[in-house]
Amino acid sequence: MHQSVAVTPPGKGVPTKYAAFSGLWAGRLDGMYDAKLAVQTISSNGKVTVTYAWGNLGDNYPGEAAGAGRIVGSTLKLERLPNGAEVSFVMLSDGALAGTVRLAGQTYTGAFLRQ
């Protein structure tokens with residue numbers, strides 16, 4: 001992930017359940033594909049800005065995309081990425097994120113931990 005990616009701590013009006021998503025996360029999809037998520041800003045209504053970075057994933061080369069999404073309940077769903085990927089994260093009771101990436105007819109899953 002590019003070094004210029006910065007995380008802005010959530011403001012006082014952001015519910016705790018949303019604020020828990022803030023920060024830098026790293027994971028491995030299907031045990032072999034590295035990925036990182038930076039949840040850069042979170043608003044009080046659950047809207048987020050993010051940067052998502054991935055290594056080789058199926059036929060896709062490594063890349064990085066800035067994007068937006070929304071938290072509903074315990075799930076953060078990103079808007080479709082430029083490569084067509086649909087990405088979502090569920091906050092688990094242990095504070096990790098369960099990530100799911102759907103791309104080119106394939107589904108990849110993995111745990112993401114706060115960095």
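Two strands pair if DSSP finds at least two bridges between them. Keep that rule handy, because strands here are DSSP runs of E with at least two residues, helices are runs of H or I with at least four, and both are numbered from the N terminus.

What you're looking at is a predicted model, where local features need pLDDT of at least 70, side-chain atom pairs count only at pLDDT 80 or more, and totals for chains, interfaces and linings use all residues. Residues are numbered from 1 along each chain as its sequence is written, and side-chain values use heavy atoms, with hydrogens and water left out.

**The overall picture**

- The chain holds one helix and eight strands.
- Read from the N terminus, the order of elements is α-β-β-β-β-β-β-β-β.
- The C-alpha trace spans about 40 × 30 × 25 Å along its principal axes.
- The radius of gyration is taken over C-alpha atoms, and the globule rule is 2.2 Å times the number of residues to the power 0.38. For 115 residues a compact globule would come out near 13 Å, and the chain has 13 Å, so the two agree.
- Buried means under 20% relative accessible area, exposed means over 50%, and partly exposed is in between (1.4 Å probe, protein chains only). Of the 115 residues, 39% count as buried.
- Contact means heavy atoms within 4.5 Å. Take the contacts between residues at least 6 apart in sequence: 40% of them join residues at least 24 apart.

**The barrel**

- Eight strands make a closed barrel in the order E1-E2-E3-E4-E5-E6-E7-E8, with antiparallel pairing.
- From one strand to the next, the twist averages 30 degrees. For that angle, axes are lines fitted to C-alpha atoms (for helices over the stretch in contact), and angles run from 0 to 180 degrees between N-to-C directions.
- How many bridges join E1 to E8? Three bridges do, linking residues 23-29 with residues 106-114 in the antiparallel sense.
- One more partner to look up is Ala-26, which bridges to Leu-113 in E8.
- On the E2 side, E1 pairs over seven bridges, again antiparallel.
- The hairpin of E1 and E2 has three residues between the strands, and Asp-30 there takes a positive phi near 50 degrees.
- Why is E1 described as largely enclosed by the rest of the structure? Five of its seven residues are buried, so that's where the description comes from.

**Aromatic rings**

- A pair of aromatic rings is described by the distance of the centres and the angle of the planes.
- Rings of Phe, Tyr and Trp (its six-membered ring) pair if their centres lie within 6.5 Å; planes under 30 degrees apart count as stacked, over 60 as edge-to-face and the rest as tilted.
- The structure holds four aromatic pairs. In one of them, Tyr-33 and Tyr-108 have ring centres 5.5 Å apart and planes at 85 degrees, so the pair is edge-to-face.
- That pair ties together distant parts of the chain: Tyr-33 sits in strand E2 (residues 33-42) and Tyr-108 in strand E8, 75 residues apart.
- Are Tyr-33 and Tyr-108 buried or exposed? Both are buried.
- Tyr-52 and Trp-54 form a stacked pair, at 5.9 Å centre to centre with 25 degrees between the planes. Both of these residues are buried too.
- Ring pairs link Tyr-52, Trp-54, Phe-89 and Phe-112 into a cluster.

**Salt bridges**

- A salt bridge is a side-chain nitrogen of Lys or Arg within 4 Å of a carboxyl oxygen of Asp or Glu. By this rule you get two.
- Arg-28 and Asp-34 form a salt bridge at 2.8 Å, N to O. Arg-28 is partly exposed at 42% relative accessible area, and Asp-34 is partly exposed at 43%.
- Arg-80 and Glu-86 form a salt bridge as well, at 2.8 Å, N to O. Arg-80 counts as exposed at 57% relative accessibility, whereas Glu-86 is partly exposed at 29%.

**A glycine in a loop**

- Gly-84 lies in the loop between strand E5 (75-78) and strand E6 (86-91), and at 25% relative accessibility Gly-84 counts as partly exposed.
- Leaving aside neighbours within four places in sequence, Gly-84 is in contact with Arg-102 and Leu-103.
- The C-alpha atoms of Gly-84 and Arg-102 are separated by 8.5 Å, with the residues 18 apart along the chain.
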